[in-house]
Amino acid sequence: MATNLVNLEAVEKVYGTRALLDGVSLGVNEGDRIGVVGRNGDGKTTLIRLLAKLEEADKGRVTHSGGLRLGVLTQHDSLDPAATIRHEVIRDMADHEWAGNAKIRDVLTGLFGGLDLPGFADGLDTVIGPLSGGERRRIALAKLLIAEQDMIVLDEPTNHLDVEGISWLARHLRERRSALVCVTHDRWFLDQVCTRMWDVQRGTVFEYEGGYSDYVFARAERERIAATEETKRQNLMRKELAWLRRGAPARTSKPRFRIEAANELIADVPPPRDSAELMKFASSRLGRTVFDLENVSVHAGPKELIKHLTWQLGPGDRIGLVGVNGAGKTSLLRALAQAARTEGEEQPAAGKIVVGKTVKLAYLSQEVGELDPAKRVLEAVQQVRDRVDLGKGREMTAGQLCEKFGFTKEKQWTPVGDLSGGERRRLQILRLLMDEPNVLFLDEPTNDLDIETLTQLEDLLDGWPGSMIVISHDRYFVERTTDRVFALLGDKALRMLPRGLDEYLERRQKVLEAAAAPAAASAAVAAPAAAAAPVKSAGEARAAKKELQKIERRLDRISETEAKLHARIAEQATDFEAVAKLDAELRELAGEREELELRWLELAEDA
């Protein structure tokens, strides 16, 4: 039977007049992998903070098993700004110790792209203070994953990670033996990592077996069994359920629910979108030309990001754009947006962009700096338009669309300046759609949005007739809302990927492997060449390797002896004379260790 690690008994937590958690009882056992979902503000972060004893419950009890080694990643790190990455992540470990540790190598490579931390000017010796929030968060995550833990608690671990980083983190967490509790809006990540789900709703936590896909099935079934009203049964969850069953059956590798029941739930639900019908409608709104690029080159300052690109965005095209950070995804959108704003008069550094005469572009930037903080939510939407035509005779008022995006009647009178980051992003997306564009550019639209809001946005985009480009690290959102995936792989070219994001990860892995081979070969000769050191013979190199192995064995024996001496000191703590002798032995071993480590570093170059 699995050992219980953490237990919550009848826990209550109130903020102001609102009960975020009301009589919640939960437990985390060894080997559990739990995903926490729910709307923003419903108490997900509060739940895991109580779980980790970072906050005290108003009522009830939180207990940890004796000697629990708990690691927590919060949304605000506690890194020392004056320290270096080396000090925070690998502490005072000698180079040969951490470089010989497979887990440390895996974490550094997975989160930073290499042991030398290529994204940081001074590598491991980079000072943390001047770094961005995203860079600090990756450092905090690396520090947590390198340590030995019985249980780890992660709050939005995929923030600031690209597609490759998220894929690596999912694999790493699957292979760890420690228990996991994770709050994230990344549904693909939840499906890959979690075997249980906690759904936080209005003070209560509902438990489900399986990952996110299983949770969708089980929640829809629970609502059906509870005989909720028909409008509730027709909610967005059923449409997403239909997409999961019809569009991506491989997501649920081990179905845990009866297929017949699932099929019955979605029998009268249409496909997420009628692509042919939308394409026809988009053509009538846009004509034949949307964006035509001829031999275009895109620059960021002096750096050339994209070279000689000839490409076409047609009417009704729904494109997912992925790529390595700094490859030019946002720069390409900005170049297209600039050409659209100037009606084709302002062109990139090289080549030509032809913009269709009927193009009406809406561009969601990452910064969302277009909102007036003094206006109220409804006023900010009505400033654009009072009502919007959704096509096929469907029309919605500004207030109705606000409610669809999670702004209740009371919330609609909240000043924009009082909204959270996720709520401001949600509001700006709503304003863009209210302006009835026929071309949408969405740059990281999923940032700070909860899962329920994401499903609402996806549902709205399903029936939206126009051309669209989405940049996102959220695999689920890209696969759900787009029909084709293009990638910038860092070689200044844009490529279509018929197999989508799986193909992107495969291509990136091949690129990294190809780059690693010559780098490893050149590293072997770089140090001696740079120092103009004499060339070592094969015999000298073999001798150096033998001595290295001998030193490593001696270092291992020293570590074992030190552990035994520490144990004897603990046993004889009251015998001061014995403790003094043992302490003298420890100091001798420490001196020997230091000499051996210096010799190891000298020999490493020769070997």
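Which residues are buried in helix 6? Select helix 6, residues 163-175: V163, E164, G165, I166, W168, L169, A170, H172 and L173 are buried. Buried denotes under 20% relative accessible area, exposed over 50%, and partly exposed the range in between (1.4 Å probe, protein chains only). Helices (H or I, at least four residues) and strands (E, at least two) are DSSP runs, numbered from the N terminus.

The model is predicted: local features need pLDDT of at least 70, side-chain atom pairs count only at pLDDT 80 or more, and totals for chains, interfaces and linings use all residues. Residues are numbered from 1 along each chain as its sequence is written, and side-chain values use heavy atoms, with hydrogens and water left out.

Remain on helix 6 and display its end C-alpha atoms, which are 19 Å apart; at 1.5 Å a residue, its 13 residues should span 18 Å, which agrees. The expected span is 1.5 Å times one less than the number of residues.

**Salt bridges**

The structure holds 32 salt bridges, each defined by a side-chain nitrogen of Lys or Arg within 4 Å of a carboxyl oxygen of Asp or Glu.

Select K13 and D58 next; their side chains form a salt bridge at 3.9 Å, N to O. K13 belongs to strand 1 (residues 4-15) and D58 to the loop between helix 1 (44-51) and strand 4 (59-64), 45 residues apart. K13 is buried at 10% relative accessibility, whereas D58 is partly exposed at 44%.

Proceed to R39 and E452, whose side chains meet in a salt bridge of 3.6 Å, N to O. R39 lies in the loop between strand 3 (33-37) and helix 1, and E452 in helix 17 (residues 451-462), so this pair ties together parts 413 residues apart in sequence. R39 is buried, with a relative accessible area of 18%; E452 is partly exposed, at 33%.

Then select R475 and E479, a salt bridge of 3.9 Å, N to O. Both are in helix 18 (residues 475-481), 4 residues apart and thus separated by about one helical turn. R475 is buried at 5%, and E479 is partly exposed at 28%.

**A charged patch**

Finally, select E97, E552, D556 and E560, which gather in a patch of negative charge on the surface. Patch residues have over 30% relative accessible area and no salt bridge; like charges are joined within 9 Å, and nonpolar side chains (Val, Leu, Ile, Met, Phe, Trp, Tyr) within 5 Å. Helix 20 (residues 538-571) gives the most to this patch, with 3 residues. E560 is in helix 20 and is partly exposed, with a relative accessible area of 49%.

Terms used: Accessible areas come from the Shrake-Rupley method with a 1.4 Å probe; for residues, only the protein chains shown count as cover. Lys and Arg count as positive and Asp and Glu as negative; His and the chain ends are not counted. The place of a charge is taken as NZ of Lys, CZ of Arg, CG of Asp or CD of Glu.
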